[in-house]
Amino acid sequence: MAGNAQARYHGAVKLPIRAALAAGLRDLGPLWPIAVYVAVAQTAGGIAALAVLSVWSPAAPLPPMWLPMAAISVAAATALAVLPPAAAAFVAGYAFGGVPGAAVAAVGTAVGAVLARALVWPRLGAARFAFMRERPRAVAVRRACGDGRAARGVVMLRLAAPFPFAVQNLLLAVAPVPVAAVGIGTLFGVLPVAVASAWAGALLRAARQDSLPPASAAWFGAALLAALAVHAGRRQWRRAGAAADG
C-alpha cells in the first residue's frame, strides 16, 4: 500500500514537470538546440574550470607574459558560450591576481562578445533570427539599445543580467546592436563583476598558499561589490523598459 501511494505521489509530482519542460521546448521552437547547447557547454566549462582549480595551486601569480594568451582564451570561451564572465574572471584572478585578472577578464569578455555578435550567432541563419526578432526579450533589447543609446543599453544589460550572458550576445545579434557598442558596453558593463570575481579568485589562491582561510571582510567586500552592481543594473534596466513602453 505504502509503495503504491509513493508511486502515485511521485507520478503526480513528475508529470507537471515533464509537461512544463515540453511546453518550454515547444515555445523555443527552432531555438531549442541552442538552449541545450548553452546549458551543456557552460555546465561542462564550469566543471572543467573547477577541476583545474582543484589540482592547480601556483605559489605566485603567473608572469605578465601570459596575459595576452589568457585574454585570447577568455575571448574564445565567451564567444563560444563555454564560460560565463564571472567564472572566467575568477580563474583569471586565481592565476594572475586581482587587478591583472580583472583586466584580462574584462577585455577578453568584451572581445568575445564582439566575436559572438559579429561571427558566431549570425551563423544561425535568417530563419532563426526572423523567429526571434519579435519575441519579448529581443524587443526589450532593441528598445533599450535604440535611439542612439546602444552602448549605454549594453552596459545596463550587462549589469542587470536579466538573462544569461550567452543569450544576451545572441539577442544583441538579433536586435541588431552595432558591434562597436557591444564591445564598449560589454567592457564597462562586466567590469564590476570581473573585479569582484577576480578578487575572489586571488583570495582563494592566497588562502591555499598560506593554508589559512581568507579574511571574511575581503570576501564580504567582493560579494557586496557584485551585488551592488547587479542591483544598480536591474534598476536601470527596469527604468529603460518603462521609458520605452511609455
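This is a predicted model: local features need pLDDT of at least 70, side-chain atom pairs count only at pLDDT 80 or more; totals for chains, interfaces and linings use all residues.
Residues are numbered from 1 along each chain as its sequence is written, and side-chain values use heavy atoms, leaving out hydrogens and water.

View 1. The secondary structure comes to 12 helices and 0 strands; both are DSSP runs numbered from the N terminus, with helices (H or I) of at least four residues and strands (E) of at least two. Read along the sequence, the pattern is α-α-α-α-α-α-α-α-α-α-α-α. Now take the contacts between residues at least 6 apart in sequence: 82% of them join residues at least 24 apart. Contact here means heavy atoms within 4.5 Å.

**View 2. The largest nonpolar core.** This core has 39 residues. A nonpolar core is a set of buried Ala, Val, Leu, Ile, Met, Phe, Trp, Tyr and Cys residues joined through side-chain atoms within 4.5 Å. The residues with the most contacts inside it are I34, W121, V141, C145, L170, L172 and V177. Helix 9 supplies the largest share of this core, 7 residues. In soluble globular proteins, nonpolar side chains tend to be buried together. Zoom in on L170: leaving aside neighbours within four places in sequence, L170 is in contact with I34, W121, L124, F129 and M132.

**View 3. Helix 7 across helix 9.** The axes of helix 7 (residues 136-144) and helix 9 (residues 165-174) come within 9 Å and cross at roughly 70°. Those axes are lines fitted to C-alpha atoms, for helices over the stretch in contact, and the angles run from 0 to 180 degrees between N-to-C directions. Helix 7 and helix 9 are therefore roughly perpendicular to each other. As for the naming of angles, under 35 degrees counts as roughly parallel, over 145 as roughly antiparallel, 65 to 115 as roughly perpendicular and the rest as oblique. Helix 7 passes helix 9 in a right-handed crossing; right-handed means the near helix is turned clockwise from the far one by less than a right angle, and left-handed means anticlockwise. On the helix 7 side you'll find R137, A138 and V141, meeting V167, L171, L172 and V174 in helix 9. By class, this contact has 6 nonpolar, no polar and 1 charged residues. For these classes, Ala, Val, Leu, Ile, Met, Phe, Trp, Tyr, Cys and Pro are nonpolar, Asp, Glu, Lys and Arg are charged, and the others, Gly among them, are polar.

**View 4. V141, a buried spot in helix 7.** V141 sits in helix 7 and is buried, with a relative accessible area of 0%. V141 and Q168 are 27 residues apart in sequence, yet 8.5 Å apart in space, C-alpha to C-alpha.

**View 5. Helix 5 meets helix 9.** Here the axes of helix 5 (residues 98-120) and helix 9 come within 8 Å and cross at roughly 50°, so the two helices are oblique to each other. The crossing of helix 5 and helix 9 is right-handed. T109, A113, A116 and R117 of helix 5 make the contact with F165, N169, L172 and A173 of helix 9. Those residues divide into 5 nonpolar, 2 polar and 1 charged.

**View 6. T186 and its neighbours.** T186 belongs to helix 10 (residues 179-189) and is buried, with a relative accessible area of 0%. Setting aside neighbours within four places in sequence, T186 is in contact with T109, A110, A113, V154, R158, F165 and A181.

View 7. Most residues other than glycine have a negative phi, and most peptide bonds are trans. A81 has a positive phi of about 60° although it is not a glycine. A81 lies in the loop between helix 3 (67-79) and helix 4 (85-96), where A81 is buried at a relative accessible area of 2%. Elsewhere, a cis peptide bond joins A175 and P176, with omega about -15°. P176 is in the loop between helix 9 and helix 10.

View 8. R133 is found in the loop between helix 6 (126-132) and helix 7, and counts as partly exposed at 32% relative accessibility. Not counting residues up to four places away in sequence, R133 touches A138, V139, R142 and V174. The C-alpha atoms of R133 and A175, 42 residues apart along the chain, are separated by 6.8 Å.

Note on methods: Buried means under 20% relative accessible area, exposed over 50%, partly exposed in between (1.4 Å probe, protein chains only).
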